[in-house]
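Biologist: I'd like to go through this fold with you and ask where the labels come from. Could you show me the sequence and the model?

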Amino acid sequence: LTAETLFSKKFGVIYFDAFSKQSTPEIWTDEFLIHFLNSASAEGCGFATYAATGSLNRALKSTGFTRLSQSGFSGKRESTRAIKIR
(Lines give C-alpha, C1' and ligand atoms only; values in the text may rest on other atoms or scores of the structure.)
Protein backbone atom coordinates (compact mmCIF):
# COMPACT_ATOMS: atom_id res chain seq x y z
CA LEU A 1 0.00 0.00 0.00
CA THR A 2 1.55 3.25 -1.18
CA ALA A 3 0.39 6.74 -2.09
CA GLU A 4 0.42 5.58 -5.73
CA THR A 5 -1.88 2.59 -5.14
CA LEU A 6 -4.91 2.76 -7.43
CA PHE A 7 -8.18 1.08 -6.54
CA SER A 8 -10.48 -0.28 -9.25
CA LYS A 9 -13.48 0.05 -6.94
CA LYS A 10 -14.41 1.67 -3.64
CA PHE A 11 -14.98 -0.38 -0.52
CA GLY A 12 -17.90 -0.47 1.91
CA VAL A 13 -15.72 -1.43 4.88
CA ILE A 14 -12.06 -0.74 5.60
CA TYR A 15 -10.22 -2.50 8.42
CA PHE A 16 -7.00 -0.50 8.62
CA ASP A 17 -4.72 -3.01 10.36
CA ALA A 18 -1.55 -1.08 9.68
CA PHE A 19 1.64 -1.23 11.70
CA SER A 20 2.44 1.58 14.10
CA LYS A 21 3.39 5.12 13.16
CA GLN A 22 6.93 4.34 14.35
CA SER A 23 7.39 1.33 12.05
CA THR A 24 5.51 2.63 8.96
CA PRO A 25 5.41 6.43 9.20
CA GLU A 26 4.67 6.86 5.48
CA ILE A 27 1.12 5.51 5.85
CA TRP A 28 0.26 7.67 8.85
CA THR A 29 0.74 11.12 7.30
CA ASP A 30 -2.27 13.39 6.74
CA GLU A 31 -1.57 13.40 3.00
CA PHE A 32 -1.41 9.62 2.64
CA LEU A 33 -4.48 8.99 4.78
CA ILE A 34 -6.57 11.57 2.90
CA HIS A 35 -5.53 10.12 -0.48
CA PHE A 36 -6.20 6.56 0.70
CA LEU A 37 -9.60 7.33 2.22
CA ASN A 38 -10.73 9.36 -0.80
CA SER A 39 -9.56 6.64 -3.21
CA ALA A 40 -10.78 3.55 -1.37
CA SER A 41 -13.97 4.43 0.53
CA ALA A 42 -17.51 4.33 -0.84
CA GLU A 43 -20.47 6.33 0.46
CA GLY A 44 -21.56 4.78 3.77
CA CYS A 45 -18.18 3.08 4.24
CA GLY A 46 -17.37 1.79 7.70
CA PHE A 47 -13.81 2.20 8.97
CA ALA A 48 -12.09 0.51 11.91
CA THR A 49 -8.56 0.42 13.29
CA TYR A 50 -6.83 -0.13 16.61
CA ALA A 51 -5.10 3.25 16.21
CA ALA A 52 -6.24 6.65 17.46
CA THR A 53 -3.99 9.44 16.16
CA GLY A 54 -4.44 13.10 15.37
CA SER A 55 -3.53 12.65 11.71
CA LEU A 56 -6.04 9.80 11.37
CA ASN A 57 -8.80 11.87 12.99
CA ARG A 58 -8.05 14.85 10.72
CA ALA A 59 -8.03 12.64 7.60
CA LEU A 60 -11.30 10.95 8.54
CA LYS A 61 -13.00 14.29 9.15
CA SER A 62 -11.73 15.86 5.92
CA THR A 63 -12.89 12.89 3.82
CA GLY A 64 -16.45 12.85 5.14
CA PHE A 65 -16.22 10.33 7.96
CA THR A 66 -17.84 10.74 11.35
CA ARG A 67 -15.80 9.23 14.16
CA LEU A 68 -17.63 7.02 16.63
CA SER A 69 -16.46 6.84 20.24
CA GLN A 70 -14.93 3.50 21.17
CA SER A 71 -12.77 2.23 23.99
CA GLY A 72 -9.51 0.54 23.12
CA PHE A 73 -8.59 -3.06 23.77
CA SER A 74 -5.55 -4.91 25.09
CA GLY A 75 -4.62 -2.02 27.37
CA LYS A 76 -5.13 0.77 24.82
CA ARG A 77 -7.07 3.84 25.89
CA GLU A 78 -9.03 4.10 22.62
CA SER A 79 -9.36 2.77 19.09
CA THR A 80 -11.13 4.24 16.06
CA ARG A 81 -14.39 3.49 14.32
CA ALA A 82 -15.97 5.81 11.77
CA ILE A 83 -18.61 5.92 9.06
CA LYS A 84 -18.58 7.96 5.85
CA ILE A 85 -21.73 10.02 5.67
CA ARG A 86 -21.02 12.21 2.62
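Predicted model: local features only at pLDDT ≥ 70, side-chain atom pairs only at ≥ 80, totals over all residues.

Biologist: Fine. What makes D30 and R58 a salt bridge?

Modeller: The closest N and O atoms of D30 and R58 are 3.1 Å apart. The cut-off is a Lys or Arg side-chain nitrogen within 4 Å of an Asp or Glu carboxyl oxygen, so the label applies. In general, side chains of opposite charge can pair when their charged atoms come close.

Biologist: Which parts does the D30 and R58 pair tie together?

Modeller: D30 lies in helix α1 and R58 in helix α2, so the pair ties together parts that are 28 residues apart in sequence.

Biologist: And why is D30 called partly exposed?

Modeller: Its relative accessibility is 24%. Buried means under 20% and exposed means over 50%, so a value in between is partly exposed. R58 gets that label too, at 48% relative accessibility.

Biologist: How many salt bridges does a search of the whole structure find?

Modeller: Two. Besides the D30 bridge to R58, there is one between E78 and R67, with the closest N and O atoms 3.0 Å apart. That pair links distant parts of the chain: E78 sits in the loop between β3 (65-68) and β4 (80-84), R67 is in strand β3, and eleven residues separate them. On accessibility, E78 has 27% and counts as partly exposed, and R67 has 31% and also counts as partly exposed.

Biologist: Let's go inside. Which residues have the most contacts within the largest nonpolar core?

Modeller: F16, W28 and F47, in a core of 18 residues. At least two core residues come from each of α1 (30-40), β2 (41-49) and α2 (54-62). The largest share, five residues, is from α1.

Biologist: What is F16 in contact with, leaving aside neighbours within four places in sequence?

Modeller: The list is L1, I27, W28, L33, F36, F47, A48, T49 and Y50. To count as a contact, heavy atoms have to be within 4.5 Å.

Biologist: T49 is in that list. Why does T49 count as buried?

Modeller: T49 has 7% relative accessibility, and the buried label needs under 20%, so T49 qualifies. T49 is in strand β2. Leaving out residues up to four places away in sequence, T49 touches F16, W28, L56, S79 and T80.

Biologist: And A48, what is A48 called, buried or partly exposed?

Modeller: Partly exposed: A48 has a relative accessible area of 22%, and buried would need under 20%. A48 is in strand β2, and with residues up to four places away in sequence left out, A48 touches I14, Y15, F16, T80 and R81.

Biologist: How do you know that the buried residues of α1 are on the same side?

Modeller: Start with the list: F32, L33, F36, L37 and A40 are buried in α1. They cover an arc of only 120° around the axis, which puts them on the same side of α1. Their cover includes β1, β2, α2, β3 and β4.

Biologist: What about the buried residues of α2?

Modeller: Those are S55, L56, A59 and L60. Seen down the axis, they fall within an arc of 130°, so they line one face of α2. What covers them includes α1, β2, β3 and β4. Just after α2, G64 takes a positive phi of about 95°.

Biologist: What makes β1 and β2 a strand pair?

Modeller: Four bridges join strand β1 (residues 11-15) to β2. Pairing takes at least two bridges, so these strands pair. They run parallel, and one of the bridges has F11 partnered with S41 in β2. The chain crosses from β1 through α1 to β2, and this β-α-β crossover is right-handed.

Biologist: Last one: why is I85 called exposed?

Modeller: I85 has a relative accessible area of 57%, and exposed means over 50%, so the label applies. I85 is in the segment after β4. Even so, I85 touches E43, G64 and T66, not counting residues up to four places away in sequence.

Terms used. Residues numbered from 1 in each chain as written. Heavy atoms only, no water. Core = buried A, V, L, I, M, F, W, Y, C linked by side-chain atoms within 4.5 Å. Buried < 20%, exposed > 50% of the residue type's maximum accessible area, 1.4 Å probe, protein only. Right-handed = clockwise from strand over helix to strand, strands pointing away. Arc of directions from axis to C-beta.
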